[in-house]
Amino acid sequence: MSTAYILNPPFLVVPEENDFADMWEAFCCKMLQLAQYDSKVYRRSPPESGVDLYDPSWNIAYQCKSVESGKSGDFRPDAVIESIRDALKVQQDLNWKSYVICVNVNPTGTAESKIKAAFPNLYLMIYGKSYWVHLCERFSNEVIRNFRKIQDINQNIDPSM
């Protein structure tokens with residue numbers, strides 16, 4: 001049986017957090033730290049001015065956007081654009097050079113184009129579902145506590161038993 005990494009509630013869990021947006025932010029921070037082998041990525045406290053996570057070693061600002069339904073069509077590029085505008089106000093203070101959107105779905109091409117068109121001179125990347133699933137597979141032992149198990153039910157069971 002293979003493991004399915006479903007990046008939305010109730011399957012993705014971070015026991016230390018109660019709100020899914022906070023869970024997603026904490027999970028992204030953990031995964032980025034793992035991927036960068038003890039990176040200096042850290043969570044910023046609200047109000048975070050469009051920068052949820054920051055990596056001062058590489059001057060990367062991260063914004064975490066969670067889609068609770070897990071559906072790509074529910075991703076809202078306007079909320080991302082607003083966060084980037086806020087982040088640009090603190091760019092000089094934080095000295096960030098690149099901006100990464102961390103989202104638990106794969107945004108549609110239209111949504112991605114809308115975001116990138118709003119900021120044509122910004123070094124901007126979007127880490128979508130496929131990025132996070134790849135990291136989960138790479139660090140499967142480290143993320144085991146973050147996923148609820150789905151159990152297949154044998155369809156050949158006699159219901160009268």
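Of the chain's 161 residues, 43% count as buried, where buried means under 20% relative accessible area, exposed over 50% and partly exposed in between, with a 1.4 Å probe and protein chains only. This is a predicted model, so to speak of local features takes pLDDT of at least 70 and side-chain atom pairs count only at pLDDT 80 or more, while totals for chains, interfaces and linings use all residues. Residues are numbered from 1 along each chain as its sequence is written, and side-chain values use heavy atoms, leaving out hydrogens and water.

The chain exposes about 9400 Å² (Shrake-Rupley, 1.4 Å probe; for residues, only the protein chains shown count as cover). Carbon and sulfur atoms supply 49% of that area. Along the principal axes, the C-alpha atoms fill a box of roughly 70 × 35 × 25 Å.

On to the fold: there are 6 helices and 5 strands, taken as DSSP runs (H or I, at least four residues, for helices; E, at least two, for strands) and numbered from the N terminus. In sequence order they read α-β-β-β-α-α-β-α-β-α-α. Taking contact as heavy atoms within 4.5 Å, 65% of the contacts between residues at least 6 apart in sequence join residues at least 24 apart.

Now the packing. A nonpolar core here is a set of buried Ala, Val, Leu, Ile, Met, Phe, Trp, Tyr and Cys residues joined through side-chain atoms within 4.5 Å. The largest one has 29 residues, and W24, F27, Y62, C102 and W132 touch the most other members. Helix 1 (20–35), strand 3 (60–65), strand 4 (98–103) and helix 5 (129–138) each supply at least two residues of this core, with helix 1 giving the most, 10 residues. Beyond its neighbours within four places in sequence, W132 contacts L7, W24, C28, M31, L32, C102, V103 and Y127. Another core, of 22 residues, lies apart from this one and includes Y54, L94, W96 and A111.

Leaving out residues up to four places away in sequence, K65 touches W24, F75, A79, V80, S83, C102, V103 and N104.
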